[in-house]
Amino acid sequence: MDSLLKQLNDVLADYIDEVDDLSNTEMKKAAQDTAKDLRSTSPKRTGRYAAAWAVKSEALGGGAVGYTVYNKRGSLTHLLENGHVIRNKKGDYGRAPAHPHIKPAEDRAVQKLITDLESKL
């Protein structure tokens with residue numbers, strides 16, 4: 001009986017390792033694809049903002065790795081995504097229009113990651 005239990009634990013441990021490896025690989029790919037997507041869909045007045053998307057990885061403990069897609073010119077992301085108050089040439093205040101590009105890219109990435117993981121598991 002102990003032998004059967006040990007074999008079952010070994011099989012489950014191998015499966016967990018495979019799932020961890022697959023999920024880490026797919027999350028890294030999803031983060032890189034999202035950064036690429038954001039480079040193409042971001043506002044491009046000068047091009048520096050759109051080109052500044054990057055991916056950063058961080059250890060979460062237990063062998064897990066998390067990935068963050070960020071913009072190296074970070075102070076602009078909130079202003080461009082949500083719009084902001086501006087002062088025009090007459091001295092009046094108005095609003096700069098929002099250019100939502102981060103949330104749609106995030107939504108696409110989440111759906112693609114879920115689909116990819118479900119198909120490969």
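Visitor: Asn9, to begin with. Is Asn9 exposed, partly exposed or buried?
Guide: Asn9 counts as partly exposed, because its relative accessibility is 44%. Buried means under 20% relative accessible area, exposed means over 50%, and partly exposed is in between, with a 1.4 Å probe and protein chains only.

Visitor: Which helix is Asn9 found in?
Guide: Asn9 is in helix H1. Helices (H or I, at least four residues) and strands (E, at least two) are DSSP runs, numbered from the N terminus. Helix H1 covers residues 2–41.

Visitor: How far apart are Asn9 and Asn88 in space?
Guide: They are 68 Å apart, C-alpha to C-alpha, and 79 residues apart in sequence.

Visitor: What sort of model is this, and what are its ground rules?
Guide: This is a predicted model, in which local features need pLDDT of at least 70 and side-chain atom pairs count only at pLDDT 80 or more, while totals for chains, interfaces and linings use all residues. Residues are numbered from 1 along each chain as its sequence is written, and side-chain values use heavy atoms, with hydrogens and water left out.

Visitor: What does the protein chain average in pLDDT?
Guide: The average is 90, and 99% of the residues score at least 70. pLDDT is the predictor's confidence in each residue, from 0 to 100.

Visitor: Which elements have the lowest and the highest mean pLDDT?
Guide: Strand E4 (residues 93–96) has the lowest, at 87, and helix H4 (residues 102–120) has the highest, at 94.

Visitor: On to salt bridges. How many does a search of the whole structure find?
Guide: Six. A salt bridge is a side-chain nitrogen of Lys or Arg within 4 Å of a carboxyl oxygen of Asp or Glu. One of them joins Lys6 and Asp10, at 3.2 Å from N to O.

Visitor: Where do Lys6 and Asp10 lie?
Guide: Both are in helix H1, four residues apart, which is about one turn of the helix. Lys6 is exposed, with a relative accessible area of 52%, whereas Asp10 is partly exposed at 37%.

Visitor: And Lys103, which residues is it linked with in a network?
Guide: Lys103 is linked with Glu106 and Asp107 in a network of salt bridges. The closest N and O atoms of Lys103 and Glu106 are 3.9 Å apart, and the bridge between Lys103 and Asp107 is 3.4 Å, N to O.

Visitor: Why are Lys103 and Asp107 separated by about one helical turn?
Guide: Because they are four residues apart in helix H4. Lys103 is partly exposed at 44% relative accessible area, and Asp107 is partly exposed too, at 38%.

Visitor: New topic, aromatic rings. How many aromatic pairs does a search of the whole structure find?
Guide: One. Tyr49 and Trp53 form an edge-to-face pair, 5.8 Å centre to centre with 75° between the planes. Rings of Phe, Tyr and Trp (its six-membered ring) pair if their centres lie within 6.5 Å; planes under 30 degrees apart count as stacked, over 60 as edge-to-face and the rest as tilted.

Visitor: Is Tyr49 buried or exposed?
Guide: Tyr49 is buried, with a relative accessible area of 5%. Trp53 also counts as buried, at 5% relative accessibility.

Visitor: Last one. Which ring does the charged end of Lys56 sit over?
Guide: The ring of Tyr70, 5.3 Å from its centre. A charge sits over a ring if NZ of Lys or CZ of Arg is within 6 Å of the ring centre and within 35 degrees of the ring normal.
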